[in-house]
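Please look first at the chain as a whole and then at a single side chain within it.

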Amino acid sequence: MSATQANRVMLKKLGIVAIAMFGFGFALIPFYNKLCEVSGLNKGGEQELAKNTQVDLSRTIRLELDANLNENMPWKFSSMKPIVEVHPGQLMQVDYQAVNNSDVPISGQAIPSYAPALAVQYFKKIECFCFTKQVLKPHETKIMPVLFVIDPALPKDVKTITLSYTFFNLNPNAQAVAANDKGVRG
């Protein structure tokens, strides 16, 4: 096989690889969209809702903000304001506060829940500390916002929504190791 023929064969192979890579990249778009839809990572839809929604000033929803800790979580966790009034369609921010009461860094993840259960489909979070794990250094305090819109399509008979977060310790062994080290030294 001559150098010219070898170059042609290589060019064909590279062309096939380039086409396959383009096709694979193109196929990733629907896969990515579905992944974001399922995981809640793609917040663009909620941002569009906030921009394009009329605020319903005729209705006021009482939003009760609840904060809980898993038994293995050495933090103090609370909402900055336990009850807020919000109009459907209104872009709103509420803040939570977390304090790491331990002597070691602790990673936590917050899991939301809603009451009544049907509120989950109308409560559109644009930004939330619950989207990512939170790491607090020893004795660190952090203010964590939630930016959201309540969809005006929320049934009219729903007058109160409870948004509850429970923080779970992602590294419970770190606290136990730190406690054991203190016991050995002390």
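The paragraphs below move from the overall fold to one arginine.

This is a predicted model, in which local features need pLDDT of at least 70 and side-chain atom pairs count only at pLDDT 80 or more, while totals for chains, interfaces and linings use all residues. Residues are numbered from 1 along each chain as its sequence is written, and side-chain values use heavy atoms, with hydrogens and water left out.

The chain contains 3 helices and 9 strands, where helices (H or I, at least four residues) and strands (E, at least two) are DSSP runs numbered from the N terminus. Their order along the sequence is α-α-β-β-β-β-β-β-β-β-β-α. Of the 186 residues, 31% are buried, meaning under 20% relative accessible area with a 1.4 Å probe, protein chains only. Among contacts (heavy atoms within 4.5 Å) between residues at least 6 apart in sequence, 76% join residues at least 24 apart.

Arg59 is found in the loop between helix 2 (44-52) and strand 1 (61-69).

The side chain of Arg59 does reach backbone oxygens: that of Leu154 lies 3.1 Å from one of its polar atoms, and that of Pro155 is at 3.2 Å. Leaving aside neighbours within four places in sequence, Arg59 is also in contact with other residues, including Val86, His87 and Pro88.

Notes:
Buried < 20%, exposed > 50% of the residue type's maximum accessible area, 1.4 Å probe, protein only. Polar contact = N/O pair within 3.5 Å; in protein donor to acceptor, adjacent residues only side chain to side chain.
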